[in-house]
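Visitor: Before we look, could you guide me through reading a chain and the surroundings of its ligand?

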Amino acid sequence: MFDQATLEMLGKGFLESLYMTLVSSALAYVIGLPLGIILVVTDKDGIKPCVGLNRILGVIINLLRSVPFLILAITVIPVTRFITGTSLGPTATIVPLVIGASPFIARMVESSLKDVDKGVIEAAQSMGASPFEIIYKVLLPEARPSLILGAAISVTTILGYSAMTGFVGGGGLGDIAIRYGYYRYQTDIMLVTVALLVIIVQVLQEIGMKLAKIGDKRK
Amino acid sequence: MSTGTSLIQIRGLGKVFKTDVGEVNVLEDINLDIMKGEIFGIIGMSGAGKSTLVRCLNFLERPTRGTVYFDNQDLSALSQKELYRIRQSIGMIFQQFNLLMQRNVLKNVCFPLEIAGVRKKEAEARAYELLELVGLSDKAKAYPSQLSGGQKQRVAIARALANNPKVILCDEATSALDPATTKGVLALLKDINKRLGITIVIITHEMSVVEEICQRVAIIDNRRIAEVGYVQDIFTKPTTEAARRLVFPEGGQVEHFTSSRCCRIVFDGSSSFEPVIANMVLEFRQPVNIIFADTRNIDGKAFGQIVIQLPEDKLAGEKMMAYLQNRGLTVEEVKDFV
Ligand SMILES: Nc1ncnc2c1ncn2[C@@H]1O[C@H](COP(=O)(O)OP(=O)(O)O)[C@@H](O)[C@H]1O
Ligand SMILES: [Mg+2]
């Protein structure tokens, strides 16, 4: 039903979306994971309370989180240009995606780590574990299933963000959907891109749930 | 015991929590000496401050006032690093076991050894040894979620023993277990105390746990230590209100008898277990009302007390008390028995 060129375009869009999503997710975790850990550790009931730092970090994260993603993407265009030399295409889109997703991931990680049983942390402290040892020997391993589930949610959210960047020339499936579906009323192409997005979300979510379950020794 | 050397000295310890609604005074002027090799109980009602006190013993909670000496070292004078180190010789077990759910039993026991920097091979060998000691060798590869409460507590005990601690602190360690499992865990602790000479501190709200295993006990009430002494003494002659409440948990029920004379007969382990009340009733041909009876076997001897209501006839009552005293029992009139 589509000609060769359209199919190639859809294929390229699919790969671009995956590329943007996965690279942005990885980079956003490099920033968001430590931030999430810091949020939990410096909490007033945390293992190394530091209320001032915790407050400041919380406010910054909330600020970033309250800006709608599309507006954030436009606002940071100068930063994007500075880093990648352009504001168009999938690689350029990674910059706003990372900036937009890191605070979200920090909160996801925070909520996963906060679920770790306080008693287990106390037990580790009673054995003379330092805060650093508690982070990598207790908090992260004990929260692993929840962290994996959180990652599945984060990655699919980033995929959604990446589709939105189609409005500002971000490339990928979102770009195609907007150019053909929204501006040219080619509903069939738009439906196919939406279907592909749905498939990616389903697959990622499924993989996340499976991994979380396999790794979980609580049941 | 109390003639030996002390392992833990608590001196003028006070703890105040700062909360959003103001300061909460939880512990005040606590002074205690826990001797090397003894099993020491700390008992009190829920909310009395027991957990706070035990957390002060390894400085998981920093006292607001006073300090704790562990093996003659003032814990408040130690750096954070030194504190981490000394905690390795203070084992701790908890009501909720607090095992790492994502690690198997063996790896749980290895955890404190990892913290202490023991190499993996050695750590695992030691962990197997400890699992053998607590009777769980066959569960090494199981995860905590696959174990019963009693088994989990045994794993926790093995874990607490890993770094050869000088003391094990037990905070309500049997409160989540059924009576039979409780007995098993207490027997294990007793055995560890006997065989390895490790001092044990038992925090509980249950008198039965103290009776079962402790040599000495401190009663914590209203932020302070109300009474300290040998379990037998406190059990037979509680001198404070707090102690009486714990020894006679059903005490409130006898209040309406206080109009007439009651007396308490104490079995302090020196008398044989003859049916003394029944014999007395047969001899005097006068009934007595048994208001409270709680006698049990501690270390093979009869301990406990019976509170009876004497006949209205004053003379008969006095004769009965004399009869009991002649049988070597401690008898005291309790007008204000509550
Ligand atoms: N971190 C805390 N902040 C404020 N109050 C606390 C804190 N920990 C304990 N308390 C209060 O101290 C009292 C004693 O608590 P706890 O030591 O847990 O008693 P117990 O173990 O004897 O039941 C309780 O009234 C409790 O509410
Ligand atoms: Mg408690």
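Predicted model: local features only at pLDDT ≥ 70, side-chain atom pairs only at ≥ 80, totals over all residues.

Visitor: How many helices and strands does chain B have?

Guide: Helices (H or I, at least four residues) and strands (E, at least two) are DSSP runs, numbered from the N terminus; chain B has 11 helices and 14 strands.

Visitor: What percentage of chain B is buried?

Guide: Buried means under 20% relative accessible area, with a 1.4 Å probe and protein chains only; of the 338 residues in chain B, 53% are buried.

Visitor: Which residues surround ligand 1?

Guide: A residue counts as near if one of its heavy atoms lies within 4 Å, and those around ligand 1 include B:Phe17, B:Thr19, B:Val26 and B:Met45. H1(B) gives the largest share of this shell, three residues, and strand S1 (6-19) and helix H1 (50-57) of chain B each supply at least two.

Visitor: Which polar atoms approach the oxygen atoms of ligand 1?

Guide: A polar contact is a pair of N or O atoms within 3.5 Å. A backbone N or O atom of B:Gly47 lies 2.6 Å from an oxygen atom of ligand 1, a polar backbone atom of B:Lys50 is 2.8 Å from an oxygen atom of the ligand, and a polar side-chain atom of B:Thr52 lies 2.5 Å from one.

Notes
Residues numbered from 1 in each chain as written. Chains lettered and ligands numbered in written order. Heavy atoms only, no water. Buried < 20%, exposed > 50% of the residue type's maximum accessible area, 1.4 Å probe, protein only. Polar contact = N/O pair within 3.5 Å; in protein donor to acceptor, adjacent residues only side chain to side chain.
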